[in-house]
Structures are given as C-alpha cells and as structure tokens.
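Me: I have a chain open that I have not looked at before, and I would like to go through it with you. Could you take me through it slowly?

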Amino acid sequence: MASWVLSECGLKPLPRVYPQARNGLTSKTAIFANARPLPVCKSNIFGSSLRASNGIRGTNWALNVSAPLRVPSVDGGDNGRVSVNGVEDGSDFDPGAPPPFNLADIRAAIPKHLWVKDPWRSMSYVVRDVAVVLGLAAVAAYFNNWVVWPLYWFAQGTMFWALFVLGHDCGHGSFSNNPKLNSVVGHLLHSSILVPYHGWRISHRTHHQNHGHVENDESWHPLSEKVYKTLDKATQMLRFTLPFPMLAYPFYLWGRSPGKSGSHFDPNSDLFVPNERKDIITSTACWTAMAGLLVGLSFVMGPVQMLKLYGVPYWLFVMWLDLVTYLHHHGHEDKLPWYRGKEWSYLRGGLTTLDRDYGLINNIHHDIGTHVIHHLFPQIPHYNLVEATEAAKPVLGKYYREPKKSGPLPLHLLGVLIRSMKRDHYVSDTGDVVYYQTDKKLPGSVTSE
C-alpha cells in the first residue's frame with residue numbers, strides 16, 4: 001500500500017492509506033503546509049535503468065517498471081519514447097518519471113480568486129438544472145409521442161448527469177464552505193437520481209486520495225493480471241464488451257469492483273469507518289424514500305409512463321457517468337502509467353488523469369471534463385476549473401495532455417472508448433510502475449481481430 005507521498009512533492013509522510021475510506025479528503029492545509037519548491041529534476045539514462053534526481057541528496061528514483069522503458073502508443077507507434085538501450089527517439093519525456101515540480105508549484109500558479117466558492121452562484125446552477133429537468137418532463141408528457149420521446153431521453157439523461165455533477169461538487173465541498181448546505185443540496189440532488197450521497201461521497205474521496213494506485217484506487221482502477229485471470233470468461237467479456245461496462249454504475253454501488261467487497265448502502269461495509277455509519281444510514285434512508293416515491297408514482301401514472309419519464313433517462317445518465325469517468329483515466333493515445341508501492345504519490349497519480357472536451361455538453365455538465373486540476377485540487381469550484389487549468393499549464397508542461405477538440409457533440413470519444421476496451425485489460429502483478437496489457441485471447445481485443 002502506498003503510505004508515503006514521495007519527497008519530490010515536498011511533502012511530509014502521510015498516515016498510512018487503507019483500502020477503506022478514512023475521514024476527510026486530505027485538506028489543502030495538510031497537503032501544502034510543508035510543501036517547498038525543489039530544483040528542476042533532470043533524468044539520466046544508464047542502460048536499461050532509468051534514474052531521476054529531484055535535487056534531494058540520497059534520493060534514488062530508480063523505477064521498478066514491469067514494462068519496457070519504450071512506452072508504445074496504442075496505435076503501435078513509438079511516439080518518441082526512450083528506447084531500452086538509452087537511445088532517444090526524438091523525445092526524452094517519460095510519463096512514468098517523477099515530475100520536476102511539486103503540488104505547491106501548481107497551486108502557486110493558480111490565482112487566489114479561483115479558489116473562492118460562491119454559494120449563490122452554485123445554487124444558481126442547481127435552480128437552472130432543476131428547472132430544465134422539470135420543463136423537459138412536462139414537455140415530453142404533454143406531447144407524449146414517439147417523435148419526442150427519444151429526444152427527451154437523451155436530453156433528460158444528460159440533465160440527470162448534470163445534477164449528479166452538482167451533487168459531486170457538494171461531496172467535495174467545492175459547492176460552498178457550509179457543510180450543512182453541501183449535505184442538504186447533495187442529498188436532494190443525488191437521491192433524486194438514486195445515488196446514496198454519503199456512501200458515494202466517501203468512496204469517491206477514497207478514489208481521489210488514491211488516484212492512479214493499482215490496488216488502492218476505488219473507481220475504474222485496473223485489474224491485476226492475477227485477479228483478471230480469476231474471472232470467468234463471461235465476466236471478462238462483459239467487462240470489456242460495450243455497452244455492458246457503460247451500465248456498471250448501479251452494480252458498483254451495490255457490490256463495488258471485482259476484487260473488492262462492500263456496498264455503498266451498508267453502514268458496516270469495509271468502505272466506511274464506524275463514525276461514518278450514521279451518514280450511511282441517512283443516505284440509504286433518502287435513497288429508499290426516493291425509490292418508494294418512484295414506485296408510488298408508477299401506480300398513479302402507470303409503469304410504462306414512469307419508464308418513459310424516469311427509467312430510460314436514468315439509464316442514459318448511468319451511461320454518461322460511466323463514459324465520462326472511464327475516459328478520465330483511460331484511452332489516451334499513449335499508454336499512461338499506474339503506480340503501486342513507493343513509486344505512487346498523490347501528485348504522480350493525479351497527473352495520469354485526463355481532460356476531455358465534450359463540445360456543447362461542457363457547459364451542461366459543469367466542465368467536469370476539465371479533470372486534471374479537479375483531481376489535484378477538488379476544492380476549486382467547477383466554474384473556475386477552465387481558468388485554473390490554463391494558469392497551471394506552464395507548470396505542468398508535458399504532464400498535461402491537451403484534449404482533442406470536440407464537435408458540438410463528443411462523438412469522437414466513442415472511438416476512444418472502443419479502442420481502450422479492446423486494449424486496456426489488466427496490469428502486471430509485479431512492478432511499481434505498470435502499464436495496461438492486452439489479453440490477446442479475449443474476443444474482440446485488438447490482437448484477436
């Protein structure tokens with residue numbers, strides 16, 4: 001398990017990270033209290049060993065990598081990676097190497113006003129989205145014909161996803177500085193789309209605390225080769241055959257990912273510690289109340305009408321959530337590293353996340369595609385993420401991967417998703433810096449076609 005934030009971040013040791021959640025996402029105070037700028041890191045290559053010095057005497061960044069130092073792009077090209085014999089192929093940038101900057105450097109580049117949370121502005125987005133949701137439902141129910149319904153399903157499913165993102169901000173505390181306001185608004189928004197607010201909030205906190213860590217990350221983390229091979233063939237195929245992975249979220253809430261146990265609804269789950277159990281009971285009760293309301297409305301309006309008004313948009317929302325969250329951590333044209341052991345740090349894990357452009361959807365789902373800075377600093381309000389990212393780019397350098405520009409609708413991301421599903425299956429059981437590998441025997445994989 002990762003129990004240290006590496007010294008290249010200029011941080012003191014953190015408490016040991018456990019698979020289950022602990023209280024509170026590491027606060028910005030804790031992260032930066034002892035941060036200090038360090039000299040620029042320069043890499044040296046000696047044979048098949050890669051070492052980088054961060055300017056601290058005695059520190060050895062020898063990478064224990066389970067893949068060759070030449071990191072291929074997913075289309076089979078070398079893309080300028082460093083070869084095993086130490087000869088440069090046009091670029092000496094290695095995405096798995098420790099960065100020559102720390103969290104304090106990035107934070108210092110982001111203007112102070114971008115950290116300010118405006119609860120009135122946050123509430124204005126809630127009012128806007130709820131009004132659109134109610135308006136769409138009223139229009140669809142009024143016309144009630146099969147020309148309108150498909151348009152309604154896409155639009156309403158997208159708006160359910162927008163509600164989720166606002167509740168997500170409540171969970172991070174970026175909605176406002178008032179914990180009670182965050183909790184009330186978060187419960188209302190998430191319960192309305194059948195998400196247990198506190199259960200998800202705590203597991204998502206674990207995801208941020210351990211992003212990029214093979215074993216400790218919580219959502220869309222890679223399977224180790226050993227765990228992957230314990231899955232039966234049907235499960236392997238379902239996990240990597242569309243559209244099934246894009247329908248996974250409700251099942252994840254009930255049973256988590258393969259290799260992990262627990263439920264977001266169970267106060268005794270391994271996800272939670274004892275003093276969080278009351279929160280879980282509260283959120284599960286709110287979820288149950290919403291489920292009961294939907295059942296009651298089905299008796300009043302009829303199950304078919306409820307399916308059209310709520311059921312289909314709900315599953316479109318699930319597909320949005322799974323698509324966006326998956327592509328935040330997968331599918332780049334170059335394979336990106338995952339870490340374990342002492343090679344992992346909060347900074348290095350966060351730098352493996354990806355920004356995505358969703359065209360017209362960017363504003364609708366509150367710029368959640370601007371994800372790198374959000375992962376490193378989840379306290380920044382969503383409406384400041386774009387500007388914060390622009391301010392941080394000079395510091396991030398090549399560790400920031402510019403997203404491909406989208407048309408009005410992000411149809412280009414479907415190809416990215418399909419390609420990743422064919423290639424990104426598991427990582428090695430050994431090595432502290434690992435890359436996705438492909439199961440050549442899996443039907444539909446890129447090498448089995």
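Me: Before we start, what does contact mean here?
Reply: Contact means that heavy atoms lie within 4.5 Å. Please also keep in mind that this is a predicted model.

Me: At what angle do helix 5 and helix 10 pack?
Reply: Helix 5 and helix 10, the latter covering residues 277-301, pack at an angle of about 45°, and their axes are 9 Å apart. That angle makes helix 5 oblique to helix 10, and the crossing of the two is right-handed.

Me: Let me zoom in on serine 191. Is it buried or exposed?
Reply: Serine 191, which is found in helix 5 (residues 179-192), is buried, because its relative accessible area is 8% and buried means under 20%.

Me: And what is serine 191 in contact with?
Reply: If its neighbours within four places in sequence are left aside, serine 191 is in contact with Gly186, Cys286, Trp287 and Met290.

Me: Stepping back, what does the secondary structure of the whole chain come to?
Reply: The chain has 16 helices and four strands, and of its 449 residues, 53% are buried. If you take the contacts between residues at least 6 apart in sequence, 71% of them join residues at least 24 apart.

Me: Back to helix 5, then. How does helix 4 pack with helix 5?
Reply: Helix 4 and helix 5 pack at an angle of about 150°, with 8 Å between their axes. Angles over 145 degrees count as roughly antiparallel, and therefore helix 4 and helix 5 are roughly antiparallel to each other. Their crossing is left-handed.

Me: Which residues meet there?
Reply: From helix 4 come Leu163, Phe164, Leu166, Gly167, His168 and Cys170, and these meet Asn182, Val185, Gly186, Leu189, His190 and Ser192 in helix 5. The contact of helix 4 with helix 5 has six nonpolar, six polar and no charged residues.

Me: What about helix 3, how many residues does it have?
Reply: Helix 3 (residues 119-143) has 25 residues, and from its first C-alpha to its last it reaches 36 Å, which is close to the 36 Å expected at 1.5 Å a residue.

Me: Which residues of helix 3 are buried, and what covers them?
Reply: The buried residues of helix 3 are Ser122, Tyr125, Val126, Asp129, Val133 and Ala140, and what covers them includes helix 4 (148-172) and helix 5.

Me: How do helix 3 and helix 4 pack?
Reply: Helix 3 and helix 4 pack at an angle of about 160°, with their axes 10 Å apart, and they are therefore roughly antiparallel to each other. The crossing of helix 3 and helix 4 is left-handed. Among the residues that meet are Tyr125, Val126 and Asp129 in helix 3, and Trp149, Tyr152 and Met159 in helix 4. The contact of helix 3 with helix 4 divides into 19 nonpolar, one polar and one charged.

Me: Last one: where does arginine 419 lie?
Reply: Arginine 419 lies in helix 16 (residues 412-423), and at 32% relative accessibility it counts as partly exposed. Arginine 419 and serine 445 are 26 residues apart in sequence, and in space they are 8.9 Å apart, C-alpha to C-alpha.

Key. Residues are numbered from 1 along each chain as its sequence is written. This is a predicted model: local features need pLDDT of at least 70, side-chain atom pairs count only at pLDDT 80 or more; totals for chains, interfaces and linings use all residues. Side-chain values use heavy atoms; hydrogens and water are left out. Buried means under 20% relative accessible area, exposed over 50%, partly exposed in between (1.4 Å probe, protein chains only). Axes are lines fitted to C-alpha atoms, for helices over the stretch in contact, and angles run from 0 to 180 degrees between N-to-C directions. Angles under 35 degrees count as roughly parallel, over 145 as roughly antiparallel, 65 to 115 as roughly perpendicular and the rest as oblique. A crossing is left-handed if the near helix is turned anticlockwise from the far one by less than a right angle, and right-handed if clockwise. The expected span of a helix is 1.5 Å times one less than its number of residues. Ala, Val, Leu, Ile, Met, Phe, Trp, Tyr, Cys and Pro count as nonpolar, Asp, Glu, Lys and Arg as charged, and the others, Gly among them, as polar.
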